[in-house]
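I opened the model to look up its aromatic rings and the contacts around them. My notes follow the display.

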Amino acid sequence: MNNLLKILSEKINSFEEVLVRFSGSLPTGEGGGRGRLFFFLLFFSLTATAQDKKDFFNPVSTAVTSQTIAPDARSAGMGDVGAATDPDVVSQFWNPAKYPFCISRAGVALNYTPWLRQLVSDMDLAYLAGYYRIGDYSAISGSLRYFSLGEVLTSNDANAMTINPYEMSLDVAYSMMLSEKFSIAAGVRWIYSDLTYDYTEDTSPGSAFAADLSCYYQDYINLGQRECQLGLGLNISNIGSKITFGGTERSEFIPTNLRLGTSLMIPVNEYNRFTIALDANKLLVPTYPKKLDDEDSGAYDDRIQTEYYDVSSISGIFKSFGDAPNGFKEELEEIQWSLGAEYVYNDQFSLRAGYHHEAENKGNRKYFTVGAGFRMNAFSLDAGYVIATAKSNPLDQTLRFTLTFDMDGLKDLFGRR
């Protein structure tokens, strides 16, 4: 049995309860189970039976799916937008090319998300991000992500042991302005995943290296009597190696991702401003092949090997734009949409709302979000909350918290500036 499936089964107390909560078609072929099960079990809760979804449910799945979780409260409160929103300390995840446009010289943010609290009590995501502007036109930035699945007792027999499965990543990026309106950034990332369930099995933790490429455009346009800030952003993240967990020669794709976004900040008056933002998001990973009606198991396994596991990560990026079984219509369904809005009063109080949409056959993550923030010179505190369209969705009632420190504000506070 797949290690992650075992972990979640133990944490929810029974495998039957996992199937009830996450009924679906779970492709767990040799070497391919861990990443896909992570995708199915952690993110989706559908109401149809497994037989009903056999030919319908066809998500794009990857390993280390924790890399796709939005880490901060501000963007999470706006429906998971961030490619082109006003620059902030957590731009490392959304678009590091935004950092040279930050006003403050440096900043650090601590982010915390209790994950899937509708199912378990000890799964968490912690995210630390920061940046430092070099001169007026460039910046360096970095982040540390740690996703814990909590403590798991492997069994109730005499040989039982407690394990602590987790995934983590560490990345750094450099960004620079090419003009007063346009910037680019490049980053590198190390990813590590340890979901080993039984250390007597022929499995081992996996690791991968990846790179990010991004750009950001910011300008001002006039709408009536108001000068509004327009933002455009693009971020291609996790371009890198595939990951192997041992026990098989098959390697899994990491979540290479394309994010495009736009935002418009409209000042109402001296104290009030309003921002609306839109993101489009697509995984640049091949779709897992589906078994044909007249295809035997041996031929299907050979085709999986050729069309999926033998495909390199770079070839997979190009393949992902045209491999959906149902053609162009299904390719469009692989795009996730996020729409968010933010109201700010006097640069101190913020209210946010948003909506995230994913096609039903690609995961069915549909939810509204709300959030709020409070800012002082030296720090800010933000919170975000998920309201799923279906109460059976395990993402429902997810909370995120972000505590941000402004280094310029801290210097002013302690009189060192």
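The model is predicted, so I note the limits: local features need pLDDT of at least 70, side-chain atom pairs count only at pLDDT 80 or more, and totals for chains, interfaces and linings use all residues. Residues are numbered from 1 along each chain as its sequence is written, and side-chain values use heavy atoms, with hydrogens and water left out.

**Y220.** I placed Y220 in strand β8. Strands (E, at least two residues) and helices (H or I, at least four) are DSSP runs, numbered from the N terminus. Y220 is partly exposed, because its relative accessibility is 44%; buried means under 20% relative accessible area, exposed over 50%, partly exposed in between (1.4 Å probe, protein chains only). I then listed its contacts (heavy atoms within 4.5 Å). Leaving aside neighbours within four places in sequence, Y220 touches E227, C228 and Q229. I also checked K181, 39 residues away along the chain: its C-alpha atom is 9.3 Å from that of Y220.

**Aromatic pairs.** Next I looked at rings of Phe, Tyr and Trp (its six-membered ring), which pair if their centres lie within 6.5 Å; planes under 30 degrees apart count as stacked, over 60 as edge-to-face and the rest as tilted. I get 12 aromatic pairs by this rule. F101 and Y216 make an edge-to-face pair, 5.3 Å between centres and 80 degrees between planes. This pair links distant parts of the chain, 115 residues apart: F101 is in the loop between α5 (91-94) and β1 (106-114), Y216 in strand β8 (residues 206-223). F101 is buried at 14% relative accessible area. Y216 is buried too, at 0%.

F253 and Y308 also pair edge-to-face, at 5.2 Å and 70 degrees. F253 lies in the loop between β9 (226-240) and β10 (257-267) and Y308 in helix α6 (residues 297-309), so this pair ties together parts 55 residues apart in sequence. Both F253 and Y308 are buried.

I noted one aromatic cluster as well: Y146, Y166, W190 and Y192.

**Charges over rings.** Which residue lies over the face of F253? I found K242, 4.2 Å from the ring centre. The rule here is NZ of Lys or CZ of Arg within 6 Å of the ring centre and within 35 degrees of the ring normal. K282 has its charged end over the ring of F321, 5.6 Å from the centre.
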